[in-house]
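Please consult the sequence and coordinates alongside it.

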Amino acid sequence: MTYLVNFDRFELLKFLPKKGKVAEIGVKRGKYAHKIFNINKPEKLHLIDPWGIDEDDSYMIVARENSLDMQSYYERVLETFSSQIDSGEVQIHRNYSCHAVTSFPDLYFDWVYVDANHLYGPVLNDLISLGPKVKEDGFIVGHDFVNSAKTSKEGYGVTEAVYSFLKLNPDFSLVLLTNEVHGSFVISKHPGGENEAYFLNKVFASANYLIKT
């Protein structure tokens, strides 16, 4: 069962596990990463993004960015998290997620947030590669779960990729969607488990409304 709730992705962070091992896939300027660090206070936050290391990066082409822009975003993230990088609380991985994720052991992350290349293939590849890396009671969370004329024109495939992933991995479950223009999704690796129940109980206690879908 999936619940549609009336809060945005920033409020969503309040309900996700704290003090865990977390990754953000697709960091760009680091705005959401900064929120994750301040709200969830992870034991370790891994920030994964190629930041334009490849001139032919399909993300840059679709997003109309260039390597100079991406380099400036990378430097901004390094500056924002300089003290946390020094302390070991934050680790930067300037690499494509498909390569960076292989360096982690299975069952490592408490949860991950996917907001990188929005095309169907890259999103599906991210979800597939992250599945084994998330703890048995963990979550895969992501952004831009939306179908509109604009996103279709831009080639978004997040929604389709999520459903393809769930079809390939029936033990996972789509438990939550946020009701916003570019919604977020929450996939539970252990549907009906204790961690999911704790997460949903916090959501139920705070949401002004929710819809079962």
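Q: How enclosed is strand β2 by the rest of the structure?

A: Burial is judged by relative accessible area: buried means under 20%, exposed over 50%, and partly exposed in between, with a 1.4 Å probe and protein chains only. Strands (E, at least two residues) and helices (H or I, at least four) are DSSP runs, numbered from the N terminus. In β2 (residues 21-25), four of the five residues are buried, so the strand is largely enclosed by the rest of the structure. This is a predicted model, in which local features need pLDDT of at least 70 and side-chain atom pairs count only at pLDDT 80 or more, while totals for chains, interfaces and linings use all residues. Residues are numbered from 1 along each chain as its sequence is written, and side-chain values use heavy atoms, with hydrogens and water left out.

Q: With which strands does β2 pair, and in what sense?

A: Two strands pair if DSSP finds at least two bridges between them. β2 runs parallel to β3 (residues 44-48), with five bridges between the two. Lys21 has Lys44 of β3 as its bridge partner, and Ile25 has Ile48. β2 also pairs in the parallel sense with β5 (residues 109-114), over four bridges; there, Ala23 stands opposite Val112.

Q: What unit do β2, helix α2 and β3 make?

A: A crossover is right-handed if, with the strands pointing away from the viewer, the path from the first strand over the helix to the second runs clockwise. β2, α2 (residues 31-40) and β3 form a right-handed β-α-β unit.

Q: Which residues of helix α9 are buried, and where do they lie around the axis?

A: The arc is that of the directions from the helix axis to the C-beta atoms. In α9 (residues 158-168), the buried residues are Val158, Thr159, Ala161, Val162, Phe165 and Leu166. Viewed down the axis, they fall within an arc of 165°, so they line one face of the helix. Lys167 and Leu168 are exposed, on the face turned away from the buried side. Contact means heavy atoms within 4.5 Å. The cover of the buried residues of α9 includes α7 (120-130), β6 (134-142), β7 (173-178) and β8 (185-188).

Q: Which residues of α7 are buried, and what covers them?

A: The buried residues of α7 are Val123, Leu124, Asp126, Leu127 and Leu130. They span an arc of only 155° around the axis, which puts them on the same side of α7. Their cover includes β2, α6 (97-100), β5, β6, α9 and β8.

Q: Is Leu200 buried or exposed, and which residues does Leu200 touch?

A: Leu200, in helix α10 (residues 194-206), is buried, with a relative accessible area of 9%. Not counting residues up to four places away in sequence, Leu200 touches Tyr3 and Val175.

Q: Which residues lie nearest the centre of the second largest pocket, and which element gives the most to its lining?

A: On a 1 Å grid over the protein atoms alone, a pocket is an open set of points with protein on both sides within 12 Å along at least five of seven lines; lining residues have an atom within 4 Å of a point. The second largest pocket is lined by 13 residues, and Pro17, Lys18, Asp110, Asn195 and Tyr198 lie nearest its centre. Two or more lining residues come from each of β6 and α10, and α10 gives the most, with four.

Note on methods. 1 Å grid on protein atoms, 1.4 Å probe; cavity = no way out; pocket = protein on both sides within 12 Å on 5 of 7 lines; lining within 4 Å.
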